[in-house]
Amino acid sequence: MTDNKISSNILYIGADDKELDLFEGQYVIPEGISYNSYLILDEKVAIMDTIDARKTNEWLDNLAAALNGRKPDYLIVSHMEPDHSANVKRVMEMYPDITVVCTAQAQKLITRFFGVAPAADKMKLVKDGDTLALGTHTLQFFTAPMVHWPEVMMTYEQSEKILFAADAFGKFGALSYDDPEGWACEARRYYFNIVGKYGVQVQAILKKLAGLEITKICPLHGPVLDENLDYYLQTYNTWSSYEPEDEGIFIAYCSLHGNTEEAALKLASLIKSESSVKVSVSDLRHDDMAEAIEDAFRYDRLVLAAPTYDGGVMPIMEDFIHHLKIKNFQKRRVAFIENGSWAPMAGKKMREAMETLKGIEIVEPIVTVESTVKPATVEALKQLAEALI
Ligand code: FEO
């Protein structure tokens, strides 16, 4: 992309948000986020989604500059979540002749969010495979329900072979931030926390797109992807099929007074000293929960280490397991370290919770720390390290 040009007739008109602290009110975004929007200029002019209300003025300026005096004919609404749809009503008011193009589900959400729907002759409802000619450009629509709301659709522009992918293939991080970790790290955190529950639905849209030649992917967040597209499609296939992306062991722990932490870190050092297996460790008390979720899905083995608390599990670990459940965590080998000074229960509770998930293989032994790490604890941790390796 040179400046705002995706191609000679397709322009980027979105905006970065580097001030927002929590995306969706829950995910830290230290490097911000972009709300992407595009304009296709042809005999007919199409706006591809609006953006978040926080950046309305910047978006309107970008839109006006890109239109350069022309009037838009269509507003394509891929997704009604407010980070993309906040300005739909404003566009309808600014351009009373514009036709809103969306799915029937999106039409309902327009009414719910704005209290008004476009007049029948200003609304074009589309179904899977429908097309809309703009001139030399032709848009083809593919419904993508639950990726990540029910009304979502993707749009394939046939002449330039560009896929407007809605939330899919997006990542955290403003476009002005040159992410040294590349696309995958923040795209993975975004995917598993926001779309992770809907692997089946992501698989369905990947199948629909499989026959298309795609030269560029334009997501609603993050950079336009214009090379090595097989990598991104294959990575989404891996993520949405819940297969591990990498071999490795992820240890997620919490601790009341440092003893469970000592056991978790001892396990990590034993694995490292006995093997070349990659180990990643997260202290759930302080580290980003969304990143811990990401790592749990990334690796093929997971260790949960927590103290007993009020006859159950320390709440931050319960919260982590709850997140894993609602994101459809599955198909992994899982081990446990518990701590208990008089009636250890954490291991039993964590095991029961994880056994409700699909394809979970429990790795024995469950290691019990009786208050503090002792020689017998280290022996048990060695056995667990061997079993995990
Ligand atoms: Fe970027 Fe589902 O909204």
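Strand β14, residues 153-157, is mostly covered, with five of its five residues buried (buried means under 20% relative accessible area, exposed over 50%, partly exposed in between, with a 1.4 Å probe and protein chains only). Strands (E, at least two residues) and helices (H or I, at least four) are DSSP runs numbered from the N terminus. The model is predicted: local features need pLDDT of at least 70, side-chain atom pairs count only at pLDDT 80 or more, and totals for chains, interfaces and linings use all residues. Residues are numbered from 1 along each chain as its sequence is written, and side-chain values use heavy atoms, with hydrogens and water left out.

**Exercise 1.** Determine which strands are joined to β14 by bridges.

*Solution.* 
1. Two strands pair if DSSP finds at least two bridges between them.
2. Strand β13 (residues 138-143) runs antiparallel to β14, and five bridges join them; Phe 141 has Thr 155 as its bridge partner in β14.
3. Strand β15 (residues 162-164) is also antiparallel to β14, through three bridges, and Leu 163 in β15 stands opposite Tyr 156.
4. Four residues lie between β14 and β15 in their hairpin, where Lys 161 in the turn has a positive phi of about 60°.

**Exercise 2.** Classify the aromatic pair of Trp 183 and Tyr 236.

*Solution.* 
1. Rings of Phe, Tyr and Trp (its six-membered ring) pair if their centres lie within 6.5 Å; planes under 30 degrees apart count as stacked, over 60 as edge-to-face and the rest as tilted.
2. The structure holds 21 aromatic pairs.
3. Trp 183 and Tyr 236 form a tilted pair, 6.5 Å centre to centre with 40° between the planes.
4. The pair links distant parts of the chain, 53 residues apart: Trp 183 lies in the loop between β15 and α5, and Tyr 236 in helix α7 (residues 229-240).
5. Trp 183 counts as buried because its relative accessibility is 7%; Tyr 236 counts as buried at 2%.
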